[in-house]
Amino acid sequence: MTLPVIISTILVACMGLAVAMVRMRAAARPVTAKKIILPPLFMSTGALMFLFPVFRVPWWEVWFSLGAGIIFSSLLILTSNFEVRDEQIFLKPSKAFAVIIVGLVFVRVLLKVAIGQTIEIGEMGGVFFLLAFGMIVSWRIAMFWKYKRLERRLQIT
């Protein structure tokens, strides 16, 4: 394993822990549609990396990475639920979420080690960006749908 792969693996692990901590804190404040939608929009700016040839990936890797991200997001979707408190919508705390994030980071590290020997570092960055993007977009779409459904039910009653 090369030094850039080791460094990026450590950074991904730290980001995974940060995501788990942010999620646990988020349960203390009401959720808004804006808070659900903005993270994938902010992340989408990372797609500018594909302007540079070093990050470009073949189409089959694009579809595979996005598909893997969508599959990985299913665990996050299952553990992301909302509840109503004081007529406001909150993210329901889930002990399984932290375990799932750690597990997903572990799987991502294993994948990086497995394919790190066969593709260039830039292409690997593109593949893992697409995997993460597919995961967060599908997760947030499902969260938004659940949020809007609960919001409508709250307005009806």
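**Entry 1: the second largest pocket**

I began with the helices around this pocket: H3, H4 and H5 each give at least two residues to the lining of the second largest pocket. I keep in mind that this is a predicted model. Which helix supplies the largest share of that lining? I found that H3 does, with six residues.

Next I looked up the volume, and the second largest pocket holds about 230 Å³ of space. I then listed who sits closest to its centre: Glu 61, Phe 64, Ser 65, Ile 115 and Val 127, out of 13 lining residues. Sorted by class, this lining has ten nonpolar, two polar and one charged residues.

**Entry 2: a stop at Ser 65**

Is Ser 65 buried or exposed? Its relative accessibility is 2%, and buried means under 20%, so Ser 65 counts as buried.

I followed the side chain of Ser 65 and found that it reaches the backbone oxygen of Glu 61 at 2.7 Å. Leaving aside residues up to four places away in sequence, I noted that Ser 65 touches Val 127, Leu 130 and Leu 131. Val 127 was already on my page, as one of the residues closest to the centre of the second largest pocket.

**Entry 3: the largest pocket**

On to the largest pocket, where I read a volume of about 1,100 Å³. Its lining counts 41 residues, and nearest the centre I marked Met 15, Val 19, Met 43, Ile 136 and Trp 139. Two or more lining residues come from each of helix H1 (3–26), helix H2 (33–44), helix H3 (59–79), helix H4 (95–115) and helix H5 (121–156).

How many charged residues does this lining have? I count seven, beside 31 nonpolar and three polar ones. I also checked the domains: domain 1 (1–29) and domain 2 (31–154) each provide at least three residues of the lining of the largest pocket.

**Entry 4: stepping back to the chain**

Last, I took in the protein chain as a whole. I logged five helices and two strands, in the order α-α-α-β-β-α-α along the sequence. The C-alpha trace spans about 55 × 25 × 20 Å along its principal axes.

Of the 157 residues in the chain, 37% are buried, and Ser 65 is one that counts as buried. For contacts between residues at least 6 apart in sequence, I noted that 83% join residues at least 24 apart.

How values were computed. Residues are numbered from 1 along each chain as its sequence is written. This is a predicted model: local features need pLDDT of at least 70, side-chain atom pairs count only at pLDDT 80 or more; totals for chains, interfaces and linings use all residues. Side-chain values use heavy atoms; hydrogens and water are left out. On a 1 Å grid over the protein atoms alone, a cavity is a set of points where a 1.4 Å probe fits but cannot get out, and a pocket is an open set with protein on both sides within 12 Å along at least five of seven lines; lining residues have an atom within 4 Å of a point. Grid points are joined across faces, edges and corners, and a volume is the space filled by probe spheres set on the points. Helices (H or I, at least four residues) and strands (E, at least two) are DSSP runs, numbered from the N terminus. Ala, Val, Leu, Ile, Met, Phe, Trp, Tyr, Cys and Pro count as nonpolar, Asp, Glu, Lys and Arg as charged, and the others, Gly among them, as polar. Domain bounds come from an automatic or database domain assignment. Buried means under 20% relative accessible area, exposed over 50%, partly exposed in between (1.4 Å probe, protein chains only). A polar contact is a pair of N or O atoms within 3.5 Å; within protein, one must be able to donate a hydrogen and the other to accept it, and residues adjacent in sequence count only if both atoms are side-chain atoms. Contact means heavy atoms within 4.5 Å.
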